[in-house]
Amino acid sequence: MIATSHPLATAAGLEILSAGGNAVDAAIAAVATQCVVEPHMTGIGGDCFVLYAPKGKPTVALNGSGRAPAAASVAKLKALGLDGEIPRTSPHAITVPGAVSAWTKLHGAYGTLPLDRLFARAIDYAENGYPVTPRVAFDWADDAAVLAQDPGAAAFFLPGGRAPRAGDRHAQPLLGQRLREIAANGAAAFYEGATAASLVTYLKGLGGLHTEEDFAEGRDAAFFTTPISADYRGYTVEECPPNGQGLAALMLMGILSAFDLGPDVPLADRVHIHAEATKLVYHNRNALLADPAAMTVAVQDLLAPETARRLAAHIDPKRARPPVMWDEPEHKDTVYLCVVDRDGNMISFINSIFHSFGSTRIDPATGVMLHSRGNSFRLIEGHPNAIGPRKRPMHTIIPGLLRKDGTACGVFGVMGGQYQAAGHAGLLSGLFDRGLDPQAALDAPRSFAFNGTLEMEAGYPDAVLEDLTDRGHAVVRAVEPLGGGQLILADAERGCLVAGSDIRKDGCALGF
């Protein structure tokens with residue numbers, strides 16, 4: 001079974017499974033397709049994180065996040081006139097992309113079919129065109145103004161001066177060429193030679209600090225590591241370790257474990273507890289989470305039950321309160337897919353260019369749209385997530401994996417930038433606290449407490465919003481859907497797979 005946010009990606013992965021490919025093969029085929037047909041959400045100029053559970057074996061995590069140029073530092077960027085936040089369209093928001101390094105490393109370790117076979121659908125759609133689906137068209141139109149500000153982005157993504165409408169055909173032949181080269185020559189085709197030289201020239205023209213050496217080092221930047229985990233309602237939840245925010249998702253679930261969130265609990269109470277826990281965790285995330293080499297607090301300390309208890313104790317069931325740090329010091333867009341193959345191997349896979357259309361910077365000679373992940377860096381000397389030479393930024397993208405009594409039993413993920421850690425906790429609470437099936441858990445209305453407001457989707461009754469406002473929340477109705485998600489659960493007792501794909505996206509779950 002495979003679940004993705006786009007029907008063509010799901011079909012591409014299912015085709016590979018039908019041809020005898022394994023979960024890794026299908027995931028790579030699907031994500032390559034998404035890089036073409038969901039260009040605002042992902043691309044080869046982005047980053048990637050993976051959790052892979054071979055049948056009967058421990059889960060391996062793959063960190064495919066890119067690193068800042070060797071010349072990057074807080075002092076250097078401030079000398080160039082930057083202060084506060086690194087703008088998403090700045091060349092300094094563009095780290096060396098890690099996705100291609102991750103794909104090829106994953107394929108080399110676990111893939112069974114050749115890359116040219118896995119990329120076939122994506123190459124065809126890139127070179128010959130694909131129909132734009134409704135949600136993609138909605139987002140594309142929403143981004144038209146920012147695309148129009150960059151001549152290169154406008155030339156590629158505003159054909160005829162406007163965003164494509166649902167049903168329009170769009171092609172990216174240069175992207176197809178890049179995929180052909182990667183299929184033939186591996187990661188070196190992206191990080192070395194003509195493509196890397198062109199990307200560096202383009203970035204330098206924007207004022208970037210990138211060098212060909214930075215890109216050459218990026219070829220092997222992706223690395224395998226050990227997942228981190230925590231228990232929630234009898235399940236072990238596995239996440240990638242920092243610099244991803246999977247740590248935040250696990251901390252959030254640790255806090256929620258202290259509360260009854262079952263089906264009989266009033267809806268406003270559940271939203272309130274989730275919001276207060278999210279505020280606490282994200283406050284700590286923003287201060288502490290970074291490249292693992294730069295973190296000042298040990299992961300095991302942040303995941304300790306005592307930390308969760310201390311944070312949970314700050315939640316007032318009836319009032320919204322300011323967040324605090326765990327140790328009380330004084331103190332301020334993406335695609336996801338999952339696959340389970342015939343042998344029971346499970347993969348949870350996420351690929352991102354961060355903002356919609358990333359940095360909006362696209363090299364006209366190569367057709368590579370570059371991400372904006374460096375926007376997450378801080379320009380504060382001494383901060384764990386301060387930009388620095390060859391440093392990885394704090395990352396929002398997180399795949400998730402479930403185990404029951406030691407056996408892998410599910411793969412899941414929630415897209416939506418900053419929302420993802422909160423989304424993981426909300427999705428699993430729907431499954432294990434309220435007993436919802438996978439599709440119902442994905443479809444349930446969402447809320448997100450972030451940056452001083454409590455954003456709530458249209459599915460919540462007005463009375464719930466009024467209740468939460470009375471508790472002190474600054475409630476706003478969500479203008480757009482909060483994220484998206486996919487989920488596959490293995491029902492060992494009945495010998496079947498059960499999946500869902502978020503109604504907020506165009507995708508679907510399919511199996512055979």
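Mentor: Let's begin with an open sheet of three strands, ordered β15-β16-β17, in which the pairing is mixed. The edges are taken by β15 (447-450) and β17 (475-477), each of which has a single partner strand, so one side of each has no neighbour in the sheet. On average, neighbouring strands here are turned by 25° against each other, with direction ignored.

A word on the ground rules. This is a predicted model, so local features need pLDDT of at least 70 and side-chain atom pairs count only at pLDDT 80 or more, while totals for chains, interfaces and linings use all residues. Residues are numbered from 1 along each chain as its sequence is written, and side-chain values use heavy atoms, leaving out hydrogens and water. The names come from DSSP runs numbered from the N terminus: helices are H or I with at least four residues, and strands are E with at least two. Two strands pair if DSSP finds at least two bridges between them. Axes are lines fitted to C-alpha atoms (for helices, over the stretch in contact), and angles between N-to-C directions run from 0 to 180 degrees.

Back to the strands. β15 and β16 pair in the antiparallel sense, over four bridges, whereas β16 (residues 453-456) and β17 pair in the parallel sense, over three bridges. Glutamate 455 is a handy landmark: in β16, glutamate 455 is the bridge partner of phenylalanine 448, and in β17 the bridge partner of glutamate 455 is valine 476. The hairpin of β15 and β16 has two residues between the strands, and asparagine 451 takes a positive phi near 55° there. Helix α20 (residues 462-470) lies across β16 and β17, at about 150° to β17. Contact, here and below, means heavy atoms within 4.5 Å.

Now look at a second open sheet, this one of seven strands with antiparallel pairing, in the order β6-β3-β2-β10-β9-β1-β20. β6 (223-225) and β20 (508-510) are the edge strands, each with a single partner strand, so one side of each is left without a neighbour in the sheet.

Helix α4 (residues 99-110) lies across β2, β3 (60-64), β6 and β10, running at about 25° to β2. Helix α2 lies across β1 (2-4), β2 (47-53), β9 and β10, and runs at about 155° to β9.

Helix α2 (residues 23-37) is also the place of threonine 33. Threonine 33 counts as buried because its relative accessibility is 0%; the scale is buried under 20% relative accessible area, exposed over 50% and partly exposed in between, using a 1.4 Å probe and protein chains only. Leaving aside residues up to four places away in sequence, threonine 33 touches Leu8, Ala9, Ala12, Arg121, Ala122 and Tyr125.

The axes of α6 (residues 120-128) and α10 (residues 173-185) come within 7 Å and cross at roughly 150°. The two helices are therefore roughly antiparallel, on a scale where angles under 35 degrees are roughly parallel, over 145 roughly antiparallel, 65 to 115 roughly perpendicular and the rest oblique. From α6, the contact is made by Ala122, Ile123, Ala126 and Glu127; from α10, by Pro173, Leu175, Gly176, Gln177, Leu179 and Arg180.

To finish, isoleucine 397 sits in the loop between β12 (368-370) and β13 (399-404). Isoleucine 397 counts as buried, again because its relative accessibility is 0%. Not counting residues up to four places away in sequence, the residues isoleucine 397 touches include Asp47, Cys48 and Phe49, along with Thr334, Ile350 and Ser352.
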